[in-house]
Amino acid sequence: MKFAIALYSAAHAPSSRRALLFAQAALAGGHEIVRLFFYQDGVYSASNNIVAPQDEQDIARQWREFVSQHQLDGVVCIAAALRRGVLNAEEAARYQRSAVNLEAPWALSGLGQLHDAIQDADRLICFGGP
Amino acid sequence: MSRSLLVISRQAPWSGPSAREALDIVLAGGAFDLPIGLLFLDDGVFQLAPNQAAKAVQQKDLSANLQALGLFGIDDVFACSHSLTARGLPPPAHAQALDSQAIFQLIDRYDQVITL
């Protein structure tokens with residue numbers, strides 16, 4: 001089955017971890033993930049600047065490694081990200097901000113990518129809230 | 001044929017960017033001519049309240065955008081009648097009020113659902 005996965009919560013929310021576990025299980029079960037789309041506070045789950053305490057899971061790093069390892073299409077909504085201060089080098093330069101906290105494997109793009117994934121996938125699975 | 005999408009908007013317009021971000025999904029879908037529905041549920045029905053004074057709480061007024069949804073090809077706009085009544089709101093001018101049974105059927109009719 002082809003899944004599109006949308007995430008609306010930050011890395012510290014249990015729902016971000018649940019989304020990651022679901023995505024890992026989907027691939028392990030032989031399914032395909034056509035795209036991950038991080039929207040609303042989900043953009044924080046892609047931030048490079050999250051520092052987890054040593055005895056806690058670093059979910060943002062685990063997301064990065066998961067997306068890189070499986071060469072997934074990881075898209076972060078650009079409007080949601082700008083509003084929340086999640087910027088890649090290009091946007092930081094464009095808006096003259098000193099910090100860059102979004103890097104590969106993540107790509108900033110628009111809501112068209114969410115609709116495109118919905119059209120492509122058999123199922124859209126959304127994760128948000130606590 | 002394109003897959004249809006129902007966006008369920010559950011947050012009040014003053015409670016953060018959620019109402020705006022739900023609407024953005026709808027507008028983006030309309031721009032791609034996709035079959036999109038919008039349902040206001042729970043506190044989301046506050047987005048339909050008449051005579052909003054968004055400026056008084058230093059917010060942008062979304063109601064003009066809602067009235068213009070038809071121009072973007074979004075005609076399927078609904079509101080939960082129970083949520084409206086529970087909050088003392090009048091029948092909305094730009095959305096069709098539905099009872100719980102009709103909402104079950106509505107959700108069933110769409111291929112995908114996003115709840116924000």
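Author: Let us begin with a term: two residues are in contact if their C-beta atoms, placed from the backbone, lie within 7 Å. By that rule, 15 residues of chain B are in contact with 15 residues of chain A. Please keep in mind that this is a predicted model, in which local features need pLDDT of at least 70, side-chain atom pairs count only at pLDDT 80 or more, and totals for chains, interfaces and linings use all residues. Residues are numbered from 1 along each chain as its sequence is written, while chains are lettered from A and ligands numbered from 1 in the order in which they are written.

Reader: Which elements give two or more residues to the side of chain B that touches chain A?

Author: Those are helix 1 and strand 5 of chain B, where helices (H or I, at least four residues) and strands (E, at least two) are DSSP runs, numbered from the N terminus. Helix 1 of chain B gives the most to that side, with six residues.

Reader: And how do the residues on that side divide into nonpolar, polar and charged?

Author: There are eight nonpolar, four polar and three charged residues on the side of chain B that touches chain A. In this count Ala, Val, Leu, Ile, Met, Phe, Trp, Tyr, Cys and Pro are nonpolar, Asp, Glu, Lys and Arg are charged, and the others, Gly among them, are polar.

Reader: Back to helix 1 of chain B, is it mostly covered or open?

Author: Helix 1 of chain B is mostly covered, with eleven of its 14 residues buried. A residue is buried if 20 or more other C-beta atoms lie within 10 Å of its own, exposed if 12 or fewer, and partly exposed in between, with C-beta atoms placed from the backbone. Among the buried ones are Leu23(B), Ile25(B) and Val26(B), and also Glu21(B) and Asp24(B).

Reader: What do those buried residues of helix 1 of chain B pack against?

Author: In chain A they pack against helix 3 (78–83) and helix 5 (112–120), and in chain B against strand 1 (5–9), strand 2 (36–40), helix 2 (63–67) and strand 5 (112–115).

Reader: Why does the length of helix 1 of chain B agree with what a helix should span?

Author: The expected span of a helix is 1.5 Å times one less than its number of residues. For the 14 residues of helix 1 of chain B that should be 20 Å, and its end C-alpha atoms are 20 Å apart, so the two agree. Just after this helix, Asp33(B) takes a positive phi of about 60°.

Reader: Changing topic, which strands does strand 1 of chain A pair with?

Author: Two strands pair if DSSP finds at least two bridges between them. Strand 1 of chain A pairs in the parallel sense with strand 2 (residues 32–38) of chain A over six bridges, and five bridges join strand 1 to strand 5 (residues 123–127) of chain A, also parallel. Ala6(A) has Phe37(A) as its bridge partner in strand 2, and Ala4(A) stands opposite Leu124(A) in strand 5. Five of the six residues of strand 1 of chain A are buried.

Reader: Which residues touch the most other members of the largest nonpolar core?

Author: A nonpolar core is a set of buried Ala, Val, Leu, Ile, Met, Phe, Trp, Tyr and Cys residues joined through C-beta atoms within 7 Å. Of the 71 residues in the largest one, those with the most such neighbours are Ala4(A), Ala6(A), Phe37(A), Val76(A), Cys77(A) and Val7(B). The largest share of this core, six residues, comes from helix 1 (residues 18–31) of chain B. Leaving aside neighbours within four places in sequence, Cys77(A) is in contact with Phe37(A), Phe38(A), Tyr39(A), Val43(A) and Leu111(A).

Reader: Where is the cis peptide bond?

Author: A cis peptide bond joins Ala104(A) and Pro105(A), with omega at about 15°, and Pro105(A) lies in the loop between helix 4 (89–94) and strand 4 (106–109) of chain A.

Reader: And what about Gln71(A), is it buried or exposed?

Author: Gln71(A) is exposed, because it has 8 other C-beta atoms within 10 Å. Gln71(A) sits in the loop between helix 2 (59–69) and strand 3 (74–77) of chain A, and has a positive phi of about 50° although it is not a glycine.
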